[in-house]
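Biologist: I would like to learn how to read a structure, one feature at a time. Can we go through one together?
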Amino acid sequence: MKARTWSRHIRESFKSLARNGWMTFASVSAVTVTLLLVGVFTALMLNMNKAATDIENDVEMNVYIELEATNEEIASLEQQINELSGVESVSYSTKEEELSGLIDDFGDEMSLFEQNNPLRNKFVVQAVDPRQTERIATQIDSFDYIYAVEYGEDKIEQLFSVLEISRNVGAVLIFGLLFTAMFLISNTIKITIVARRREIEIMKLVGASNWFVRIPFIFEGIWLGIIGSIIPITLVSILYYNVYEFMSPRLEGSFIQILEFSPFIYQINALILLMGVVIGVWGSFMSVRKFLRV
Amino acid sequence: MIQMKEVYKRYPNGIMAANNFDIHIKPGEFVYVVGPSGAGKSTFIKMMYREEKPTKGNILINGVDITNLKASRVPYLRRNIGVVFQDFKLLSRLTVYENIAFALEVIEEHPKSIKKRVMEVLDLVGLKHKARMMPDELSGGEQQRISIARSIVNTPKVVIADEPTGNLDPETSWEIMNLFEEINTRGTTIVMATHNREIVNTIRHRVIAIENGLIVRDEARGEYGYES
């Protein structure tokens, strides 16, 4: 197709937007509402996901070592743990270090124990994938000179299943919303096309190819998507900015963090725009299809 | 030019609209297709520009078999055939000029030659001065002339007309017929389905009569042959 034909198609698509004022308004509103919902939901989901990952990454195992283990044995134990598949990091902490940590946390009464330290030397082990924690713990437990492996088993299992469910529910909701939006848009575009059915028929009768008929409608879908994403992008940005300003000082120091405003807002806005365009194009494509068989 | 070889057309409701059509139309001919309503005239016409497909048999246009033409090639067939309808089929949101130019935009003609060519055909149909008007502002006869101008703007070898005077008063009908005559004398083949007895009996041409899906008559300088 020649360049001037493309510019004709683009011109046609704008003309048609203007001519079908109310239908344009209806489609844009449908896109706006959906994208706003999708935007807010996605922001929420991604932050929840971030929180979940933060929590998951914070899961560590405390591996306590038998008192009689010698330094060489401890070193070889460390090597053994490191060689296990799925282990991200192993750090060694002596019982003296542990005790001084306790003294720092609970005060000088703890220094009574300096005479006779009841603590054990330990490894702090982190798994690459936190869901592997249980397996790795069992494996470590079978090594020699291991006194105990602790990682808060029940709580973690529960946390994981809650996170898993909430993630799935969020994904289903977003898909549902997108689907509804596509349906709404393809319906509104279909109505504008029914009104132009005769026009399409005439175009085909004078020898217009399917693409010649289709492309202006596709451009129209693109514009509908872009126009429809303006309000969602603005609102989601303002909203997230405020939430970020409010939340991030309050979360300071905790291991859960809200996603940084700067890269995140661009990503989510790009996503909103892209989704707007995709549903616009898909909507027009689906609705023209039916009328091309002349 | 146009050849139908043992063409049959049966519609899903069982009606036989074409029962062994076997005809040959030579270049430059002017052919009337006559017959009672529902006899198969429209099917005859529609099969030529592939709005309908025959159930059996072959149709050749310019030696090309269009029976099994792929859907994607149909637009190219239509660019070589001008079609004129009873209801004009003009795009109501475009001006007269744009309506005619559209047939050339579709084939990605250069804008300069589009302008030249559109003005030529507007001159031929005598409506150059109404180029900027909208179809709704024109009379029926004028609208039909615009639709004829559109059908010949890309210089097709064949113009197919389905009841082109069906919606027009007698006087206007004669004007339209004169236009078709003019186009025919320039060498374009014309196939016209019509109900207009007076025209067929006055401007004598080949007549193909269809009744109940059968060709009952095919005469070189025929008559209408029905009470109208």
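Biologist: Which residue of β10(B) stands opposite B:Val207?

Modeller: First, a caution: this is a predicted model. Now the general idea. Strands of a sheet pair through backbone hydrogen bonds, either parallel or antiparallel. Here, B:Glu219 in β10(B) stands opposite B:Val207. The strands β9(B) and β10(B) pair in the antiparallel sense, over five bridges.

Biologist: What is the order of the strands in the sheet of chain B?

Modeller: Read across the sheet, strand by strand. The order is β6-β7-β8-β3-β9-β10 in chain B. This is an open sheet of six strands, and its pairing is mixed.

Biologist: Which strands stand at the edges?

Modeller: β6 (81-85) and β10 (214-219) of chain B do. Each has a single partner strand, so one side of each is left without a neighbour in the sheet. From one strand to the next, the twist averages 15 degrees.

Biologist: Why is strand β3 of chain B described as largely enclosed?

Modeller: Count the neighbours of each residue. A residue is called buried if 20 or more other C-beta atoms lie within 10 Å of its own. In β3 (residues 30-34) of chain B, five of the five residues are buried, so the strand is largely enclosed by the rest of the structure.

Biologist: Which residues point one way from β3(B), and which the other way?

Modeller: B:Phe30, B:Tyr32 and B:Val34 point one way. B:Val31 and B:Val33 point the other way. All are buried.

Biologist: Now chain B as a whole. How many helices and strands does the chain have?

Modeller: Seven helices and ten strands. Chain B has 228 residues, and 43% of them count as buried. Take the contacts in chain B with a separation of 6 or more: residues 24 or more positions apart account for 68% of them.

Biologist: How do I read a pair of packed helices?

Modeller: Two packed helices are described by the angle between their axes and the distance between the axes. The crossing is right-handed. The contact includes B:Ile148 and B:Ile152 of α5(B), and B:Leu179 and B:Ile183 of α6(B). By class, its residues divide into five nonpolar, four polar and two charged.

Biologist: At what angle do α8 and α9 of chain A cross?

Modeller: At roughly 155 degrees. The axes of α8 (residues 210-251) and α9 (residues 261-289) of chain A come within 7 Å. That makes α8(A) roughly antiparallel to α9(A). Their contact has 22 nonpolar, ten polar and two charged residues. The crossing of α8(A) and α9(A) is right-handed.

Biologist: Where is A:Tyr145 found?

Modeller: In the loop between α5 (133-141) and β4 (146-150) of chain A. A:Tyr145 is partly exposed, with 16 other C-beta atoms within 10 Å. Now compare sequence with space. A:Tyr145 and A:Ala69 are 76 residues apart in sequence, and 6.1 Å apart from C-alpha to C-alpha. Among the residues A:Tyr145 touches are A:Ile65, A:Glu66 and A:Leu77.

Biologist: Last feature. How many residues does each chain give to the contact between chains A and B?

Modeller: Chain A gives twelve residues and chain B gives 14 residues. In chain A, α1 (3-19) and α7 (197-205) each supply at least two residues of the side that touches chain B. That side of chain A has five nonpolar, three polar and four charged residues.

Terms used: Residues numbered from 1 in each chain as written. Chains lettered and ligands numbered in written order. Predicted model: local features only at pLDDT ≥ 70, side-chain atom pairs only at ≥ 80, totals over all residues. Contact = placed C-beta atoms within 7 Å. Helix = DSSP H or I, 4+ residues; strand = E, 2+ residues; numbered from the N terminus. Nonpolar A, V, L, I, M, F, W, Y, C, P; charged D, E, K, R; others polar. Buried ≥ 20, exposed ≤ 12 C-beta atoms within 10 Å, placed from the backbone. Pairing = 2+ DSSP bridges. Axes fitted to C-alpha atoms, helices over the stretch in contact; angles between N-to-C directions. Parallel < 35°, antiparallel > 145°, perpendicular 65-115°, else oblique. Left-handed = near helix turned anticlockwise from the far one by under 90°. Lists of a residue's contacts leave out its neighbours within four places in sequence.
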